[in-house]
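Please look over the structure below. The report after it covers charge pairs, a helix, backbone angles and selected residues.

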Amino acid sequence: MIELINISKVYNPNHRNMYTALRNISLTINDGDFLAIVGESGSGKSTLLHIIGLLDNFTHGKYLLNGKDISRLNDKAIAKIRAKNIGFVKQDFALIDDMTVEDNVMLPLYPIKSPNKRKLALEALDKMGIKKLAEKQVSQLSGGEKQRTAIARAIVTSPNIILADEPTGALDSKTSREIFDILCSLNQNGRTVIIVTHD
């Protein structure tokens, strides 16, 4: 379970360019929830997602993940929790173009020192229906194939939380529906899914 208590995020505090991205956000996300964070551009959606995903710090408040106070942990402990528990899917895919699909999917397995990287990567790609693309360069993929690769990378460590930042923003309507159906399926299989969208 994720619990945010009065979370605020201020950029450049004590400076004339100070900007408050989030103010006193309290939110409880139960295991297995499917949550959409909806709002206009610049409303703090991605900032909130990055805080939930332990990619960004908050200025004030408290964050409990499965009852553990994140603010009391050092960076190494936070990175370990993030690697094991959270998978990310980004709008721009965040893939490395000159690497193969398989190599991209294996990347999250290195911090947790998994001995079966190739096997796990191929299993994740198979779940996305693109195992046949494993040896292809990312630069050769379509937008839909790139997003499926990004989702495979997000699930390769079997995290219980999937965070998706505008996962269909760069895709056509048909492919967007397919990607949304994949996220729904991940949720139906027990994962907590949190998406940021303006739609």
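## Salt bridges

How many salt bridges does the count come to? This is a predicted model, in which local features need pLDDT of at least 70 and side-chain atom pairs count only at pLDDT 80 or more, while totals for chains, interfaces and linings use all residues. Residues are numbered from 1 along each chain as its sequence is written, and side-chain values use heavy atoms, with hydrogens and water left out. The count comes to eight salt bridges, a salt bridge being a side-chain nitrogen of Lys or Arg within 4 Å of a carboxyl oxygen of Asp or Glu.

One of them joins Arg118 to Glu102, with the closest N and O atoms 2.3 Å apart. Because Arg118 lies in helix α4 and Glu102 in helix α3, this pair ties together parts that are 16 residues apart in sequence. Helices here are DSSP runs of H or I with at least four residues, strands are runs of E with at least two, and both are numbered from the N terminus. Arg118 also meets Glu135 in a salt bridge, at 3.6 Å from N to O. That pair links distant parts of the chain, with Glu135 in the loop between α4 and α5 (143-155) and Arg118 in helix α4, 17 residues apart.

## Exposure of the charged residues

Which of buried, partly exposed or exposed describes Glu102? The cut-offs for relative accessible area are under 20% for buried and over 50% for exposed, with partly exposed in between (1.4 Å probe, protein chains only). Glu102 has a relative accessible area of 6%, so it is buried. Arg118, at 46%, counts as partly exposed, and Glu135, at 54%, is exposed.

A further salt bridge is formed by the side chains of Arg148 and Glu178, 3.5 Å from N to O. Arg148 belongs to helix α5 and Glu178 to helix α6 (residues 173-188), so that pair links distant parts of the chain, 30 residues apart. Glu178 is partly exposed, with a relative accessible area of 28%.

## Helix α1 and Thr47

Helix α1 is mostly covered, as six of its eight residues are buried. They are Lys45, Thr47, Leu48, Leu49, Ile51 and Ile52. The helix spans residues 45-52.

Thr47 has a relative accessible area of 13%. Neighbours within four places in sequence aside, Thr47 is in contact (heavy atoms within 4.5 Å) with Lys9, Tyr11, Ala21 and Leu22. Two of these residues also form a charge-ring arrangement: the charged end of Lys9 sits over the ring of Tyr11, 5.0 Å from its centre. The rule asks for NZ of Lys or CZ of Arg within 6 Å of the ring centre and within 35 degrees of the ring normal.

## Positive phi angles

Most residues other than glycine have a negative phi. Leu54, which follows α1, has a positive phi near 65 degrees. Leu54 is in the loop between α1 and β4 (60-65) and counts as buried at 8% relative accessibility.

Asn24 also has a positive phi, near 50 degrees. Asn24 is found in strand β2 (residues 19-29) and is partly exposed, with a relative accessible area of 48%.

## Arg191 and its contacts

Arg191 is located in the loop between α6 and β8 (192-197). At 15% relative accessibility, Arg191 counts as buried. Residues up to four places away in sequence not counted, Arg191 touches Gly32, Asp33, Ile155, Ser158, Pro159, Asn160, Ile162 and Leu186. Arg191 and Ile161 are 30 residues apart in sequence, and their C-alpha atoms are 5.7 Å apart in space.

## A nonpolar surface patch

Which residues form a nonpolar patch on the surface? The patch consists of Ile96, Leu107 and Tyr110, with about 260 Å² of accessible area together. Patches are made of residues with over 30% relative accessible area and no salt bridge; like charges are joined within 9 Å and nonpolar side chains (Val, Leu, Ile, Met, Phe, Trp, Tyr) within 5 Å. Accessible areas come from the Shrake-Rupley method with a 1.4 Å probe, and for residues only the protein chains shown count as cover.

Leu107 is in the loop between α3 (101-106) and α4 (117-127). Leu107 is partly exposed, with a relative accessible area of 33%.
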